[in-house]
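Please look over the sequence and the structure before reading on.

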Amino acid sequence: MTTQPRILVARRIFPEVVQRLAQHFEVQANDADLAWTPAELAAQLADKDGALTTGSQRIDAALLAACPRLKIVANMAVGYNNFDLPAMTAAGVLGSNTPDVLTETTADFGFALLMATARRMTESEHFLRAGLWQSWSYDMFAGAEVHGSTLGILGMGRIGQGIARRGAHGFGMRVIYHNRSRLAPELEAQCGAQYVSKDELLAQADHLMLVLPYSAQSHHAIGAAELARMKPSATLVNIARGGIVDDAALAQALRQRRIAAAGLDVFEGEPAVHPELLQVPNVVLTPHIASATLPTRLAMANLAADNLIAFFEQGRALTPVHAPTLQK
Ligand code: GLV
């Protein structure tokens, strides 16, 4: 009898997905959802052929050196900045992600965060809950207009395009974007979006939405200098990754009202949040939940599982993020 590949499920996920995996593999799952240190993760993975990770487990050269059998890491996330891709390529370990299944849900959330930020929803709710609401006032929590305003999008992949369509076709916004590469004209027309330089984007956006992947190149893509170029009335929304915004510079810009408000779903060093961001009122803060609906999270878990099953049973993953030479 041939032995089944051994798989580690590194965080608690849907039990039905773990059961599906168990029909194909010998599975060890972190059902208690223990927060493993890198050394503990390496120890758990040392005898495994594959892993299902969630984006908060770092896969780097040190870990790979401790896991000689490892052949594939299937991330249950579209972002994969937890992968050291050159190290994985060098070790012949394939990485996969979960694109497409979360696009519309994440775009919905981006728009929700934009609306909450522009219309000061959490700030006004805190005021109400604190019992401070005495009477109607003509300018109480007056926010920024959303419909008809200019939406700037930095990063124009699938999620950026979903946000552009919502802005252009749902809210009659002028949509401008900046991206490493320009979209084809037909796609620009479908999204109702116009390509501009990063400087033009910063200067013209009434609402700036960040939807680009994190990398060394995008680290602090929005820092003090970029915030200084934005309109004082502008809002900034980050649903991409912590580290794309310099959170300390943003907290200062919000405190000084250099920009009007921000909405943040991701943070540098999360789950820690920069203490000054917790002190400023003009920021809406959510705990990295942009893809969090149960149907979408289930689709993500199933796609990560399908990547493992296709890789071990058909020799290729469904949504790989690179193409290492697989020698193992
Ligand atoms: C979530 O942040 C993801 O990358 O899927």
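How much area do domain 1 and domain 2 bury between them? The two domains bury about 560 Å² between them, and 41% of this lies on carbon and sulfur atoms. Buried area here is the accessible area (1.4 Å probe) that two parts lose on being put together, summed over both.

## Basis of the model

This is a predicted model, in which local features need pLDDT of at least 70 and side-chain atom pairs count only at pLDDT 80 or more, while totals for chains, interfaces and linings use all residues. Residues are numbered from 1 along each chain as its sequence is written, and side-chain values use heavy atoms, with hydrogens and water left out.

## The two domains

The chain is divided into domain 1 (6-101 + 294-314) and domain 2 (103-285), with bounds taken from an automatic or database domain assignment. Their C-alpha centres lie 31 Å apart. On the side of domain 1, Asn-81, Asp-100 and Thr-296 lose the most area to domain 2, together 67% of what that side buries.

Contact (heavy atoms within 4.5 Å) links 7 residues of domain 1 with 6 residues of domain 2. The count of salt bridges between the domains is 1; the term denotes a side-chain nitrogen of Lys or Arg within 4 Å of a carboxyl oxygen of Asp or Glu. Arg-158 and Asp-100 form a salt bridge through their side chains, at 3.7 Å from N to O.

## Two buried residues

Gly-152 is found in strand 6; strands (E, at least two residues) and helices (H or I, at least four) are DSSP runs, numbered from the N terminus. Gly-152 counts as buried because its relative accessibility is 0%, where buried means under 20% relative accessible area, exposed over 50%, and partly exposed in between (1.4 Å probe, protein chains only). Leaving aside neighbours within four places in sequence, Gly-152 is in contact with residues including Ile-176, Leu-201 and His-207. The C-alpha atoms of Gly-152 and Tyr-195 are separated by 9.8 Å, although these residues are 43 apart along the chain.

Ser-218 lies in the loop between strand 9 (207-210) and helix 10 (224-229). With 6% relative accessibility, Ser-218 is likewise classed as buried. Beyond its neighbours within four places in sequence, Ser-218 contacts Leu-212, Pro-213, Gly-243 and Ile-244.

## A partly exposed residue

Met-140 is located in the loop between helix 6 (121-129) and strand 6 (150-154). Its relative accessibility is 31%, so Met-140 counts as partly exposed.
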